[in-house]
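Biologist: I'm new to this one. Can you walk me through the structure?

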Amino acid sequence: MTDKTDKEKMYEQMDAAAAEAQAEIQQNFNNWTSKDLARWWLKWYLKAGHKRLGRIVVSLGKKIEG
């Protein structure tokens, strides 16, 4: 039972980090280069995880296309 609680806490922390990462990328995304995106990813991937960051980037891409 403790493991589940620890996992839930970890996921909550990752979700919170992903929200912060999303706020950061949305501020100046239109002016970013690929190097800026790489730096952003490096800063956040250990805190939020690759899947969450990937979802953020894909959602921004869809907004640009849409």
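This is a predicted model: local features need pLDDT of at least 70, side-chain atom pairs count only at pLDDT 80 or more; totals for chains, interfaces and linings use all residues.

Biologist: Start inside. Which residues make up the largest nonpolar core?

Modeller: That core has 10 residues. They are Ala17, Ala18, Ala21, Ile25, Trp40, Trp44, Ala48, Leu53, Ile56 and Leu60.

Biologist: Which elements give two or more residues to this core?

Modeller: Helix H1 (2-28), helix H2 (34-48) and helix H3 (50-65).

Biologist: Which one gives the most?

Modeller: H1 does, with four residues.

Biologist: Now the helices. At what angle do the axes of H2 and H3 cross?

Modeller: At roughly 140°. The two axes come within 8 Å.

Biologist: What do you call that arrangement of H2 and H3?

Modeller: Oblique. Angles over 145 degrees would count as roughly antiparallel, and the crossing here is roughly 140°, so H2 and H3 are oblique to each other.

Biologist: Which residues meet there, H2 side and H3 side?

Modeller: From H2, they are Leu37, Trp40, Trp41, Trp44, Tyr45 and Ala48. From H3, they are His50, Arg52, Leu53, Gly54, Ile56 and Val57.

Biologist: How does the contact of H2 with H3 split by class?

Modeller: It has nine nonpolar, two polar and one charged residues.

Biologist: Arginine 52 was in that list. Buried or exposed?

Modeller: Buried. Its relative accessible area is 18%, and the cut-off for buried is under 20%. Arginine 52 lies in helix H3.

Biologist: What does arginine 52 touch, apart from its sequence neighbours?

Modeller: Not counting residues up to four places away in sequence, arginine 52 touches Tyr11, Met14, Asp15 and Ala18.

Biologist: Let's talk charges. How many salt bridges are in the whole structure?

Modeller: A search finds three salt bridges. In general, side chains of opposite charge can pair when their charged atoms come close.

Biologist: Where does arginine 52 come in? What is its salt-bridge partner?

Modeller: Aspartate 15. The side chains meet in a salt bridge at 2.8 Å, N to O. This pair links distant parts of the chain. Aspartate 15 is in helix H1 and arginine 52 in helix H3, 37 residues apart.

Biologist: And aspartate 15, how accessible is that?

Modeller: Aspartate 15 counts as partly exposed, at 44% relative accessibility.

Biologist: Next bridge. What does glutamate 24 pair with?

Modeller: Lysine 43. Their side chains meet at 2.8 Å, N to O. Glutamate 24 sits in helix H1 and lysine 43 in helix H2, 19 residues apart. Again, the pair links distant parts of the chain.

Biologist: What are the relative accessible areas of that pair?

Modeller: Glutamate 24 is partly exposed at 23%. Lysine 43 is partly exposed too, at 42%.

Biologist: And the bridge of aspartate 36? What's the other residue?

Modeller: Arginine 39. The closest N and O atoms are 3.1 Å apart.

Biologist: How far along the helix are aspartate 36 and arginine 39 from each other?

Modeller: About one helical turn, because they are three residues apart in helix H2. Aspartate 36 is partly exposed at 24% relative accessibility. Arginine 39 is exposed at 53%.

Biologist: Change of topic: single residues. Where is asparagine 30?

Modeller: In the loop between H1 and H2. Asparagine 30 counts as exposed, at 73% relative accessibility.

Biologist: Last one. Where is lysine 62?

Modeller: In helix H3. Lysine 62 is exposed, with a relative accessible area of 60%. The C-alpha atoms of lysine 62 and lysine 43 are separated by 23 Å. Along the chain, those two lysines are 19 residues apart.

Notes. Residues are numbered from 1 along each chain as its sequence is written. Side-chain values use heavy atoms; hydrogens and water are left out. A nonpolar core is a set of buried Ala, Val, Leu, Ile, Met, Phe, Trp, Tyr and Cys residues joined through side-chain atoms within 4.5 Å. Buried means under 20% relative accessible area, exposed over 50%, partly exposed in between (1.4 Å probe, protein chains only). Contact means heavy atoms within 4.5 Å. Axes are lines fitted to C-alpha atoms, for helices over the stretch in contact, and angles run from 0 to 180 degrees between N-to-C directions. Angles under 35 degrees count as roughly parallel, over 145 as roughly antiparallel, 65 to 115 as roughly perpendicular and the rest as oblique. Ala, Val, Leu, Ile, Met, Phe, Trp, Tyr, Cys and Pro count as nonpolar, Asp, Glu, Lys and Arg as charged, and the others, Gly among them, as polar. A salt bridge is a side-chain nitrogen of Lys or Arg within 4 Å of a carboxyl oxygen of Asp or Glu.
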